[in-house]
Amino acid sequence: MSVSEAQKKVNRQWDKENMITLGCKVKREQAEKFKKYAADNGKTANALLKDFVLEKIEERE
């Protein structure tokens with residue numbers, strides 16, 4: 001079942017109001033190694049980075 005265009009619009013608006021993208025620059029070679037590491041562990045680079053960020057926030061709280 002696909003998502004309607006109206007629902008996509010609502011989702012985009014919610015993301016715009018509630019989400020932000022964090023990023024950093026690394027050398028291409030390092031990024032490729034990290035992506036391979038993530039894939040080898042059954043995750044995406046985004047998932048690993050997000051897990052790390054949330055873990056550090058929890059440690060502080």
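Select Lys56: with a relative accessible area of 31%, Lys56 is partly exposed. Here buried means under 20% relative accessible area, exposed means over 50%, and partly exposed lies in between (1.4 Å probe, protein chains only). This is a predicted model, in which local features need pLDDT of at least 70 and side-chain atom pairs count only at pLDDT 80 or more, while totals for chains, interfaces and linings use all residues. Residues are numbered from 1 along each chain as its sequence is written, and side-chain values use heavy atoms, with hydrogens and water left out.

**Around Lys56**

The term salt bridge stands for a side-chain nitrogen of Lys or Arg within 4 Å of a carboxyl oxygen of Asp or Glu. Side chains of opposite charge can pair when their charged atoms come close. Glu55 is partly exposed, at a relative accessible area of 43%.

Glu59 and Lys56 are three residues apart in helix α3, so about one helical turn separates them.

**The whole chain**

Zoom out and show the chain as a cartoon. It has three helices and zero strands, and the pattern along the sequence reads α-α-α. The radius of gyration is 16 Å, well over the 10 Å that the globule rule gives for 61 residues, so the protein chain is more spread out than a compact globule. That radius is taken over C-alpha atoms, and the globule rule is 2.2 Å times the number of residues to the power 0.38. Helices (H or I, at least four residues) and strands (E, at least two) are DSSP runs, numbered from the N terminus.

Along the principal axes, the C-alpha atoms fill a box of roughly 40 × 30 × 25 Å. Switch to a surface view: the accessible surface of the chain comes to about 6,300 Å², and 55% of it belongs to carbon and sulfur atoms. Accessible areas come from the Shrake-Rupley method with a 1.4 Å probe; for residues, only the protein chains shown count as cover. Of the 61 residues in the chain, 5% are buried.

**Helix α1**

Glu5 is exposed, with a relative accessible area of 55%, whereas Lys8 is partly exposed at 35%. How many salt bridges does a search of the whole structure find? The search finds six.

**Helix α2**

Select Lys35, which sits in helix α2. Lys35 is exposed, with a relative accessible area of 55%. From Lys35 to Lys8 there are 27 residues in sequence and 28 Å in space, C-alpha to C-alpha.

Then select Phe34 and Tyr37. Both belong to helix α2 (residues 28-40) and are three residues apart, about one turn of the helix. The structure holds one aromatic pair. Phe34 and Tyr37 form that pair, and it is stacked, at 6.4 Å centre to centre with 25° between the planes. Rings of Phe, Tyr and Trp (its six-membered ring) pair if their centres lie within 6.5 Å; planes under 30 degrees apart count as stacked, over 60 as edge-to-face and the rest as tilted. Phe34 counts as partly exposed because its relative accessibility is 30%.

Where does Leu22 lie? Leu22 is in the loop between α1 and α2. At 67% relative accessibility, Leu22 counts as exposed. Leu22 and Val53 are 31 residues apart in sequence, and 9.8 Å apart in space from C-alpha to C-alpha. Ile57 is found in helix α3 (residues 45-60) and counts as partly exposed, at 39% relative accessibility.
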